[in-house]
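Colleague: Before we discuss the packing and the strands, could you put the model on the screen?

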Amino acid sequence: MRYSTWIRQHVAALRALLALTAITGIVYPLAVFAVAQLPGLRENADGSLVEANATTVGSSLIGQSFTDAGGAALVQYFQSRPSAAGDGYDTLSTSASNLGPEDIVDTESRKSLLTQVCARSKAVGDREGVDGSRPFCTQGGVGAVLSVIGPRDADGDVAQPVQVVSVNEACPARPFLGTYRGVRVECAEPGQDYSVGRIVPIHGATPADPAVPADAVTASGSGLDPHISPEYAAIQVARVAKARGVSEEQVRALVDAHTTGRTLRFLGEPHVDVLQLNLQLDQRYPYHG
C-alpha cells in the first residue's frame, strides 16, 4: 500500500508539473505575444523600432551617435547629446558616469567631470561656430583649477601662497593664469600629487549663460536619451543647412516640426527627436557632400 501511494503521489506531481509547464511556459507566453501584436501595441512591444527604406535604423527610445568611424561628427546631421553608456548608447551598459560637481581634478587614469565638460563645450563651440567658453574652463578646454600651496589660516584659506599649480594643465603647457595672489602659476608636473594645496576652481571671464547648452556637454542618467534641447538644436542649424545646401529657415522649420513640448504642458522640458529629424533631413534635403 505504501508503495502504491508513493507512485500515485509522484504521478500526480508529474501531471501538475507538465500542466503548469504547458500553461506558464507555452500558453501564457503565446497569449502575451498575441496581445502585444494587436494594433496600437505592436510598435511598443517590438522595441519602438524606426524604419527607413525598409531598413531598421534605430529605436525611438534609444539615442545613437551620428559620427564617422573615427568618432568625428558628421556635418550633415544634428548631433545627439553625449552618452556614458559603454562606448556610447550601449543598451547593455546603460548608466550615468556617477561623477559629481566636485570631480574637478584630472588624474593619470581619467579626466575629471569638469574637464570632460570643458572639452566638450570647446569642441561643440568650434564645430558650430559659437562661443564654447563656460565658467571654470580654460580656453584650451580643461578645468580651470589651481592647487594653492602654503600655510592655512583658521578658515582653511591660504593667505600667502608659496606655490600655485594649474593641476589640469600638464607641463609643458602654459597655465591659463599668469599669477595668483602675487605668485606665478606653474604647470603640473606629471605624476605629482598636489592635493596638499587648497583646490581652487577659477570662474574666469566667461558668459553667465554659455552659448553651448548643458545637454551638449553632459550625458543623461541612462546614457540612452534620444532627444536634445531646442537650444542645442538651434546652434546646429547653420552647420547642417550649409552642409546640405539649403537655407537655415528650411532646416529650422524641420526642427520645429520635430520639437515636442512639455508633457501635459508642465512636466519635463521641450525636446527634439534627433533620429526622426535626421531621417527627415535625408528625405527632404539629401546630402551630396
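Colleague: Which residues does phenylalanine 78 touch, not counting residues up to four places away in sequence?

Modeller: This is a predicted model, in which local features need pLDDT of at least 70 and side-chain atom pairs count only at pLDDT 80 or more, while totals for chains, interfaces and linings use all residues. Residues are numbered from 1 along each chain as its sequence is written, and side-chain values use heavy atoms, with hydrogens and water left out. With contact taken as heavy atoms within 4.5 Å, phenylalanine 78 touches Phe66, Ala233, Gln236, Val237, Arg239, Val240, Val251, Val255, Val274, Leu277, Asn278 and Leu281.

Colleague: Which strand pairs with S4 in the parallel sense?

Modeller: Strand S4 (residues 163-170) is mostly covered, with 6 of its 8 residues buried. Two strands pair if DSSP finds at least two bridges between them; S3 (residues 145-149) is joined to S4 by 4 bridges and runs antiparallel to it, with isoleucine 149 opposite glutamine 163. Valine 165 stands opposite glutamate 186, and the strand that pairs with S4 in the parallel sense, over 4 bridges, is S6.

Colleague: How far from glutamate 169 is the nearest side chain of opposite charge?

Modeller: Glutamate 169, in S4, has a side chain in a polar contact of 2.7 Å with that of serine 166, such a contact being a pair of N or O atoms within 3.5 Å, one able to donate a hydrogen and the other to accept it, with residues adjacent in sequence counted only if both atoms are side-chain atoms. A polar atom of the glutamate 169 side chain also lies 2.9 Å from the backbone nitrogen of phenylalanine 176. Glutamate 169 is buried yet has no salt bridge (a side-chain nitrogen of Lys or Arg within 4 Å of a carboxyl oxygen of Asp or Glu), and the nearest side chain of opposite charge, arginine 174, is away by 9.1 Å.

Terms used. Helices (H or I, at least four residues) and strands (E, at least two) are DSSP runs, numbered from the N terminus. Buried means under 20% relative accessible area, exposed over 50%, partly exposed in between (1.4 Å probe, protein chains only). Lys and Arg count as positive and Asp and Glu as negative; His and the chain ends are not counted.
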